Amino acid sequence: MRIPALLAMLASLAAPATGLAADSLMLAAQAQFKPIPAQPPALPGNPASPARVELGKMLFFDPRLSASHTISCNSCHNVGLAGVDVAEKSIGHKWQKGGRNSPTVFNAVFNTAQFWDGRAKDLEEQAGGPMVNPIEMASPKEHVTEQLRGIPGYVAAFKAAFPGEASPVTLANAQKAIAVFEATLISPNAPFDRYLKGAASALNATQTAGLKLFIDKGCAACHNGINVGGGQYAPFGIVEKPGAELLPPDDKGRFAVTKTAGDEYVFKVPTLRNIELTAPYFHSGRSWDLRQAVGVMASSQLGLPVTDDEAGKIVAFLGALT
């Protein structure tokens with residue numbers, strides 16, 4: 001057989017194997033992850049309407065919800081910065097610093113609970129926390145409602161958003177409206193979403209290799225589902241506790257909520273959606289380098305240190321979540 005013919009035959013034999021491997025990886029990914037839907041999900045007991053979304057948007061950007069009239073929801077969850085404030089810890093009332101890094105509000109609707117320790121069951125409950133927190137927006141509950149009732153534009157907006165209610169301007173309804181707006185802050189159609197829908201070419205070769213490592217190394221055991229995370233809790237330091245600069249000893253995570261010894265240093269697994277845009281990383285906000293964060297997670301959570309080449313490929317895959 002001539003050399004060109006032999007090469008052609010070998011190529012034809014190799015092609016199906018390569019395709020089979022690609023199909024196998026895609027099937028494995030589709031079993032563990034789901035694409036972000038094109039439309040925001042419905043919130044139980046809190047139906048969306050254009051008027052309610054618009055009211056929530058107004059409230060989200062309004063600094064008058066804070067005692068100083070200088071801090072809004074958007075201050076710490078800036079929609080122009082992928083839903084974060086690009087700070088180690090957010091600045092709150094009278095320049096106080098919060099205790100943890102602000103998680104992104106984008107795709108937060110897909111999380112199993114809100115805040116790093118899961119103390120809020122959903123977006124609606126979460127929306128009320130910062131407004132009255134003395135370190136964050138520092139507004140007394142009664143003051144929020146009283147102030148909103150004194151603004152004619154809000155009175156009309158609440159009536160449109162909650163028709164049929166005799167007195168719709170309440171803190172509870174403000175939380176409902178903010179939650180409905182925040183539920184619209186989703187980011188569908190990332191390259192990985194297109195890949196999960198069957199478009200193998202949506203990921204380049206390096207990203208595909210990174211996805212395989214992400215699954216094979218065990219990252220997907222915690223970072224899975226629609227949000228590639230956000231669906232469960234895990235100790236930070238399952239195999240090896242990171243240093244105190246990343247895991248401050250005085251922040252015991254979910255233990256503060258449950259008072260259960262087994263929940264010490266347990267945190268909600270963060271979403272990895274848009275992760276390349278949402279530095280700094282971890283609840284402590286002490287890592288500014290995504291490659292470093294990958295290395296920390298590999299050694300601390302999996303006990304499987306990654307090489308520089310492997311970390312680079314995983315980071316490339318994470319870029320496909322943007």
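**Entry 1: R100 and its surroundings**

I looked up R100 and listed its contacts (heavy atoms within 4.5 Å). Setting aside neighbours within four places in sequence, I found R100 touching E88, K89, S90, W116, D117, R119, D251, G253, F267 and H283. A note to myself: this is a predicted model, where local features need pLDDT of at least 70 and side-chain atom pairs pLDDT 80 or more, while totals for chains, interfaces and linings use all residues. Residues are numbered from 1 along each chain as its sequence is written, and side-chain values use heavy atoms, leaving out hydrogens and water.

Next I checked where R100 sits: in the loop between α3 (73–76) and α4 (123–132). Helices (H or I, at least four residues) and strands (E, at least two) are DSSP runs, numbered from the N terminus. Is R100 buried or exposed? R100 has a relative accessible area of 19%, so it counts as buried (under 20%; exposed is over 50%, partly exposed in between; 1.4 Å probe, protein chains only).

I then looked for polar contacts (N or O atoms within 3.5 Å; within protein, one able to donate a hydrogen and the other to accept it, with residues adjacent in sequence counting only if both atoms are side-chain atoms). The R100 side chain makes one with the side chain of D117 at 3.1 Å, and another with that of D251 at 2.8 Å.

**Entry 2: The nonpolar cores**

I searched for nonpolar cores (buried Ala, Val, Leu, Ile, Met, Phe, Trp, Tyr and Cys residues joined through side-chain atoms within 4.5 Å). The largest has 39 residues, and F33, F192, Y195, L211, F214 and L318 have the most contacts inside it. I saw that α11 (290–302) gives the largest share, 5 residues. Taking L211 as an example, I found contacts with L25, A29, F33, F192, Y195, L203 and F317, not counting residues up to four places away in sequence. Apart from this core lies another of 26 residues, including F60 and V105.

**Entry 3: Rings and charges**

I noted a cluster of F33, F192, Y195, F214 and F317, linked by ring pairs (centres within 6.5 Å; planes under 30 degrees apart are stacked, over 60 edge-to-face, the rest tilted). I also checked for charges over rings (NZ of Lys or CZ of Arg within 6 Å of the ring centre and within 35 degrees of the ring normal). R254 lies over the face of Y233, 4.2 Å from the ring centre.

Which residues does a cis peptide bond join? I found A279 and P280, with omega about 5°.

Methods. Phe/Tyr/Trp six-rings, centres within 6.5 Å; stacked < 30°, edge-to-face > 60°.
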